[in-house]
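Trainee: Please take me through one part of this structure in detail, namely the strands and the turns that link them.

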Amino acid sequence: MNVNPSGIDGKSITSSVAKIIDTIKYRKYAKEGYTTVIWINKENTLVKLVDGRIRDALLTIPSQNAEKMIDKVYILPSKKLVTRLCFVKEDVNVTLDVNVTDTSKISTDLFKKFVNIKLLEDLQAFNMGQVLLGGAIGLIFGFMLALGLLMFYGVMAGV
């Protein structure tokens with residue numbers, strides 16, 4: 001896509017990429033090491049969405065026949081899945097850092113996502129002590145219920 005240099009901003013690019021990923025068959029995005037790469041040419045006039053692969057500290061971009069060192073990797077959530085995202089400029093050796101000036105909305109959104117992830121991690125945690133305690137309490141209440149039923153049956157049988 002050809003873009004005026006003054007019209008490039010991180011929010012519009014990432015939202016566009018997320019929409020593209022949602023509409024394409026996404027089997028390749030789930031492969032290990034796969035990265036979505038936003039390729040910007042030297043003159044800042046051309047932006048391409050290309051595929052990349054991360055191995056160790058190196059990003060390989062087959063369609064551009066280039067390799068870049070990894071400085072920044074972002075997470076790109078879409079409706080169907082979450083992929084990695086890198087910004088690459090043709091004449092720079094490392095992946096680019098996107099500067100965000102107003103982080104007030106991002107901070108609250110990230111906090112909400114962090115809380116949801118933390119809650120999911122807490123739910124998935126397995127604690128053997130809790131399992132044993134629950135089992136012991138279940139046995140005690142089961143034994144007391146059995147005694148109560150036997151006493152109730154004995155009283156009813158004697159009448």
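Mentor: Strands here are DSSP runs of at least two residues, labelled E and numbered from the N terminus, and two strands pair if DSSP finds at least two bridges between them. The model is a predicted one, in which local features need pLDDT of at least 70, side-chain atom pairs count only at pLDDT 80 or more, and totals for chains, interfaces and linings use all residues. Residues are numbered from 1 along each chain as its sequence is written, and side-chain values use heavy atoms, with hydrogens and water left out.

Strand E2 (residues 47–55) pairs with strand E1 (residues 34–40) in the antiparallel sense, over seven bridges. Within this pairing, Thr36 has Asp51 in E2 as its bridge partner. Six residues separate E1 from E2 in a hairpin, and Asn44 in that turn has a positive phi of about 60°.

E2 is also joined to strand E3 (residues 58–61), again antiparallel, by three bridges. Here Arg55 has Leu58 in E3 as its bridge partner. The hairpin of E2 and E3 has two residues between the strands, and Asp56 in the turn shows a positive phi of about 55°.

Lys68 belongs to strand E4 (residues 66–69). The side chain of Lys68 has a polar atom 2.6 Å from the backbone oxygen of Val92, and a polar atom of that side chain lies 3.5 Å from the backbone oxygen of Lys89.

Terms used
Helix = DSSP H or I, 4+ residues; strand = E, 2+ residues; numbered from the N terminus. Polar contact = N/O pair within 3.5 Å; in protein donor to acceptor, adjacent residues only side chain to side chain.
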